[in-house]
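Please have the structure open as you read.

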Amino acid sequence: MSAPHVSLPDPTHFPHLPHLPPPDPLSSPLTGWTRAHWEAIADRLLDALLPYASPGLAQYRLPGPPSHSGPWSDGLEGFARSFLLAAFRIAGSGGQQPALIDRYAAGLASGTDPHSPDRWPPITDRGQPMVEAASLAIALHETRPWIWDRLDDRVRQRIADWLGGFVGAVVNDSNWRLFQVITEEFLASVGAPHSRREIDDGLARLEDWYRGDGWYTDGDGRKFDYYNAWALHLYPVLWARIAGPRADPALVAAHRARLRSFLHDHQHFFGADGAPVHQGRSLTYRFATTAPLWAGVLADATELPPGRTRRLASGALKHFAERGVPDEQGLLTLGWYGPFLPVTQRYSGPASPYWASKAFLGLLLPADHPVWTATEEPGPVESADVRRALPAPGWLLHSTAADGIVRLVNHGSDRLPPPPAEAQDSPHYARFAYSSATAPETPPAPHTGPDNHIALLAPDGTPTPRGRVHPLGAAGARAASWHRALLPGSGEGHRIETVSVVHGPWEVRVHRVDAPAGTPVREGGWAVADDTAPPAARTGSGWALARRADGLTSALAALHGWSDDAGTVVAAEGRNAYGHHSATPQLTLPSHPGGTRLLVTLVVLGTDPRVPVTGALARVAADGSVEIRFPDGARESVP
């Protein structure tokens with residue numbers, strides 16, 4: 001099982017979570033955590049926000065840099081996202097949370113009062129309040145008997161008027177369409193003005209983005225990430241709860257079937273230590289990655305055993321708690337473990353991390369539900385080595401039970417708008433691989449980090465970005481794609497085609513690289529990071545490795561086409577979400593011969609000391625096919 005990258009406290013003692021109950025090894029032999037632990041952390045998060053509440057309790061103005069929407073909107077975000085958490089806590093207790101009920105009822109009255117200094121910014125075209133309106137609508141629905149039904153008629157009318165700003169407004173053509181669906185469906189449920197056409201159009205747009213096997217793209221293009229988990233599958237389930245008999249049964253059944261299919265894959269995205277695979281945007285939402293696990297149970301749309309569902313969800317929550325999340329003040333910061341702004345986006349504000357509230361959806365399930373009472377069962381990564389092709393997003397997943405690490409090979413997600421538009425690479429989408437034990441290097445834009453990337457080097461040493469990913473398929477042990485490497489003055493660029501073949505902890509990358517004669521080529525392996533000390537580096541002829549103190553090792557070995565020069569290890573500071581010190585092994589071909597060059601590389605990430613990082617072979621036949629022998633003797637062929 002993978003060791004953590006920093007020294008951890010006693011897992012039964014969390015100084016930053018003073019009211020955490022003792023572990024229960026009988027019902028939860030893997031994590032020790034129960035429903036009581038979820039309730040304790042929810043209470044800690046909600047209590048910690050009070051010092052930052054505005055006088056009327058309608059905004060929470062947390063410390064930290066503002067989002068591009070500004071502090072007024074950020075304050076609303078703090079209220080709305082924490083109200084979602086409070087709603088799950090209130091409903092899950094059967095309304096036995098009078099202080100929370102009074103607190104959020106007061107905030108609703110103050111935030112919608114146009115004469116209050118706490119009033120909320122209005123909903124306008126493409127504005128951030130649209131996002132927060134959906135959280136308010138969900139929370140109001142789930143707490144209807146305890147809050148909405150008890151509010152003064154004038155306050156209810158003001159809330160409906162404020163939410164009604166959505167009707168006729170222009171919405172971003174992405175998961176935001178579902179914010180409109182949710183908000184206007186709530187308006188329909190309380191007899192307020194709404195547009196049934198806008199609700200139906202938003203649900204129809206979701207159909208346009210479905211790519212099969214449970215996977216959606218978040219808008220047009222190839223935008224695959226955790227928005228599948230905490231938005232595109234979650235909101236249809238919550239919409240159906242609000243709509244009730246107004247929902248089309250056939251559509252609800254389709255959403256449930258897709259969620260069921262998605263969860264077959266999603267369960268594989270958590271390492272044995274609970275860490276989610278570190279890929280995509282909005283990673284500061286952290287354990288919100290567990291939301292669809294609970295949604296599957298809530299909607300009767302999962303085939304996962306209840307003990308496994310809880311083990312995966314509690315494992316993720318505990319993973320972050322062990323690493324200081326929330327912090328000593330009980331706050332969720334902008335980062336992954338501690339504060340780390342490179343995992344944020346321009347829309348991220350101090351309260352943005354509270355979308356993690358979605359992880360507490362399971363509190364809506366009664367305490368005697370099997371998901372809370374069944375004995376924990378191991379997750380997939382703990383039971384056996386797994387190799388799983390995901391054709392819709394163009395991914396290849398491989399995990400190893402010996403060290404509990406999940407690795408995700410990326411040949412399909414780039415989060416770029418459809419052609420002909422081009423955009424700058426994001427390190428959270430453009431890399432060849434991501435994992436549950438590492439994070440990509442995040443140098444200042446527009447620079448491209450060396451990790452899990454192959455690049456042509458310009459005369460000044462600048463590496464080419466990956467750009468648009470053109471998938472060539474994912475099946476069995478292989479996935480492939482091509483991209484254009486754009487050198488200055490190269491016109492349409494130079495094609496690099498890559499096939500990844502995985503086996504156990506190993507990946508072999510077969511590259512066919514077009515480049516002008518004399519162009520240097522560079523490839524990097526995994527970046528490993530540590531907060532306490534720089535990872536150790538070792539190099540030799542055609543290989544390089546970086547090793548963390550706990551044994552996590554990233555290695556790269558030349559199998560064909562590279563020079564005999566020694567590999568190198570590139571060190572960096574402050575560029576990795578997993579630790580201040582990071583190191584990436586890399587190989588360099590000093591001078592491409594021109595035309596097409598075949599390069600074959602062994603890439604390794606793991607902690608198991610028995611796993612060799614050398615001994616692999618690649619033989620190229622006359623027809624250009626490549627025969628691969630992995631270090632353990634297993635063989636694969638690449639046509």
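Begin where Ile-138, His-141 and Glu-142 of α4 meet Tyr-235, Leu-238, Arg-241 and Ile-242 of α9, a contact meaning heavy atoms within 4.5 Å. Helices here are DSSP runs (H or I, at least four residues), numbered from the N terminus. The residues of this contact divide into four nonpolar, one polar and two charged; Ala, Val, Leu, Ile, Met, Phe, Trp, Tyr, Cys and Pro count as nonpolar, Asp, Glu, Lys and Arg as charged, and the others, Gly among them, as polar.

Before going on, a word on the source: this is a predicted model, in which local features need pLDDT of at least 70 and side-chain atom pairs count only at pLDDT 80 or more, while totals for chains, interfaces and linings use all residues. Residues are numbered from 1 along each chain as its sequence is written, and side-chain values use heavy atoms, leaving out hydrogens and water.

Now for the geometry. α4 (residues 129-142) and α9 (residues 234-243) pack at about 45 degrees, with axes 10 Å apart; axes are lines fitted to C-alpha atoms over the stretch in contact, and angles run from 0 to 180 degrees between N-to-C directions. The two helices are therefore oblique to each other (under 35 degrees counts as roughly parallel, over 145 as roughly antiparallel, 65 to 115 as roughly perpendicular and the rest as oblique).

Among the residues in contact are Leu-76, Phe-83 and Ala-87 of α2 and Val-131, Leu-136 and Ile-138 of α4. By class, this contact has 13 nonpolar, two polar and four charged residues.

α2 also packs with α1 (residues 35-49), at an angle of about 135 degrees and with axes 10 Å apart, so these helices are oblique to each other. In α1, the residues that meet α2 include Leu-45, Leu-46 and Leu-49, and their partners in α2 include Leu-85 and Ala-86.

Finally, look at the largest nonpolar core, which has 146 residues. Such a core is a set of buried Ala, Val, Leu, Ile, Met, Phe, Trp, Tyr and Cys residues joined through side-chain atoms within 4.5 Å, buried meaning under 20% relative accessible area with a 1.4 Å probe, protein chains only. Helix α2 (residues 71-92) gives this core its largest share, eleven residues. Apart from this core lies another, of 25 residues, including Ala-485 and Leu-605.

Note on methods:
Buried < 20%, exposed > 50% of the residue type's maximum accessible area, 1.4 Å probe, protein only.
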